Amino acid sequence: MLRITLAQLNYMVGDIAGNILRMTEAAQQAAKAQADLLVFSELSLCGYYPGDMLDEPSFLQRLDEGLQQLLTATRQFPDLHWVVGAPTRSQGPGKPLHNSLLVLKDGAVRLRYDKQLLPTYNIFDERRHFEPGADTAKVLRVGNCQVGFLVCEDGWNDQGADYATNPFSRMGDAAPDMVVSINASPSHLGKREQRHEVFKQAAERHKLSILYVNQVGGQDQIVFDGASFVVEPGRGVVFEAKRFAEDLCTLELRDDGRFVQAGGQPLEAVPVQGLPTMEFYRQQIVLGLRDYARRCGFKQVVVGSSGGIDSALTLALAVDALGAENVVGITMPSRYSSAGSVDDSVELCRNLGIQLYEHPIKDLVDTYARQFEASFGEPLKGLALENLQARARGTTLMEFSNAFGHLLLTTGNKSEVSVGYCTLYGDTNGGLGLLGDLYKTEVFELSRHINAHAGRELIPQAIIDKPPSAELAPGQKDEDSLPPYAVLDEILKWQIEGHHLSSSEYEHAAQFVAQLKTQAGGPELIARVQKMVFRSEYKRRQAPPMLRVRPRAFGTGRQMPIAAHYE
């Protein structure tokens with residue numbers, strides 16, 4: 001029998017001392033549970049992903065010192081094997097580092113395995129810093145069990161679709177009693193189910209039980225959901241750790257190759273389907289904001305409350321993440337704002353229990369417009385005047401942020417950001433966007449879910465029901481400039497995410513666009529939307545980071561040139 005503790009922890013990139021402290025505390029718990037093996041996630045020493053910090057000599061020195069501190073810590077628990085992820089020095093040609101898995105015990109490194117497959121797609125860029133490890137399997141006897149080891153991407157190529165090398169083949173030849181896979185697998189819609197399917201097939205193909213340990217927590221735009229699991233051949237996924245939370249679990253591997261809970265209670269099959277989509281969005285965004293604010297040194301946030309659906313949902317999610325006492329709203333009516341916008345903001349903030357300030361911008365806009373005409377001989381009108389109002393609001397919010405130390409949350413959604421329906425240095429101001437990877441139709445759906453989850457009307461029904469409007473001109477509605485969001489969003493999914501979507505979502509979007517092409521004006525509409533997306537890349541490049549919830553998000557997940565000829 002082998003007793004194993006899974007340490008699903010929330011690491012901070014670069015906080016080597018803090019990460020070591022968390023790992024040492026986990027070791028104390030593992031020792032109390034009489035574990036033989038304690039498993040942390042990928043790059044647990046430094047957090048995932050440190051990026052170009054890996055190019056800094058001082059950071060590399062701290063890594064070396066941190067590894068020595070870990071080795072010293074292992075002497076406190078001489079019978080415990082620690083499985084740790086860390087950058088290590090490469091002695092050969094190529095990049096100077098490896099992304100390594102180390103097995104530490106009683107002050108010594110008992111095994112080192114260097115990650116072979118280094119992803120450079122979507123949000124990943126590991127080949128920028130690391131050299132691939134040798135094409136070999138690493139196995140270590142722990143107690144009476146032979147344990148094999150893999151690092152994240154090494155387990156994702158068992159069907160040979162992406163790399164010439166398949167580490168699972170070598171591992172299968174080594175025939176261990178089980179495989180430990182350490183991971184920093186970012187979360188997006190459908191990712192949990194994808195992990196389960198990939199490793200279920202690998203376990204079945206090679207007749208190997210696999211222990212998959214993942215990181216949890218938010219890091220910039222990316223959120224790690226944890227959800228570490230165990231998969232067995234013939235039984236599938238039989239254990240899953242908490243989602244979106246730290247978890248420390250001890251399991252036993254019996255002599256017959258089956259996993260049980262510590263103490264011998266059997267494990268049951270884990271449901272195939274995970275969280276409902278809207279609940280997944282809620283939990284991912286809440287964790288992403290909570291960790292982003294904490295790690296960047298913010299305790300409070302501020303949001304411009306327009307009385308519209310986007311700012312309402314942003315405020316509701318912020319309260320969920322940080323508590324009502326740490327969230328402030330500011331309503332900034334102009335000459336074109338409806339009375340309902342201010343009244344709806346008041347009701348929303350009352351429902352959420354947050355402070356709402358009113359800061360009218362009419363006089364600011366009028367003064368600026370008069371001086372503009374006096375200086376340049378032309379009155380401000382049309383789009384320039386509309387954008388001035390957005391920029392007056394953005395400046396006011398940044399003034400508040402500077403004066404009181406709140407993190408400003410921007411409120412743009414993926415539909416608007418896609419087509420550039422936003423104002424640079426206006427409503428794009430902020431330090432983080434919560435809705436930038438949600439289409440407008442999903443914003444409405446998540447708002448309804450927030451109310452249902454709370455069991456009461458947090459976001460007033462009047463806000464959900466009103467036609468979307470920027471209120472920058474008399475009687476303005478979003479659909480004056482854009483197709484209906486139900487149409488726009490399907491075109492955008494097809495264009496921006498395409499085959500990155502789930503099969504059902506892609507099929508729906510592709511069929512929708514194909515049918516639209518057969519309708520009068522359909523091809524022209526599609527071309528217009530595509531052109532708006534292409535021409536707005538410069539705005540997205542200057543936008544604040546946006547929390548990622550879908551497979552292909554703006555930012556590091558979709559990298560497009562600004563100056564290019566698009567067809």
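Student: How many bridges join strand β8 to strand β9, and do they run parallel or antiparallel?

Tutor: Strands of a sheet pair through backbone hydrogen bonds, either parallel or antiparallel. In this predicted model, β8 (residues 178–182) and β9 (residues 210–213) run parallel and are joined by 4 bridges.

Student: Which residue of β9 is the bridge partner of V179?

Tutor: The partner of V179 is I210.

Student: What is the order of the strands in the open sheet?

Tutor: The order of its 6 strands is β6-β7-β8-β9-β12-β13, and the pairing is mixed. β6 (139–142) and β13 (236–240) are the edge strands, each pairing on one side only. On average, neighbouring strands are turned by 25 degrees against each other, direction ignored.

Student: Which strands does helix α3 touch?

Tutor: Helix α3, residues 167–174, packs on the sheet and touches β6, β7, β8 and β9. The direction of α3 makes about 175 degrees with that of β7 (145–151).

Student: Where does helix α4 lie?

Tutor: Helix α4 (residues 191–206) lies across β8, β9, β12 and β13. It runs at about 35 degrees to β12 (229–232).

Student: How many disulfides does the structure hold?

Tutor: A disulfide is a covalent bond between the sulfur atoms of two cysteines. This structure holds 0 disulfides. C145 is in none, and its nearest cysteine sulfur, that of C249, is 19 Å away.

Student: Why does C145 count as buried?

Tutor: Buried means under 20% relative accessible area. C145 has 6% relative accessibility, so C145 counts as buried. C349 is buried too, with a relative accessible area of 2%.

Notes. Residues numbered from 1 in each chain as written. Predicted model: local features only at pLDDT ≥ 70, side-chain atom pairs only at ≥ 80, totals over all residues. Heavy atoms only, no water. Pairing = 2+ DSSP bridges. Helix = DSSP H or I, 4+ residues; strand = E, 2+ residues; numbered from the N terminus. Axes fitted to C-alpha atoms, helices over the stretch in contact; angles between N-to-C directions. Contact = heavy atoms within 4.5 Å. Disulfide = S-S within 2.5 Å. Buried < 20%, exposed > 50% of the residue type's maximum accessible area, 1.4 Å probe, protein only.
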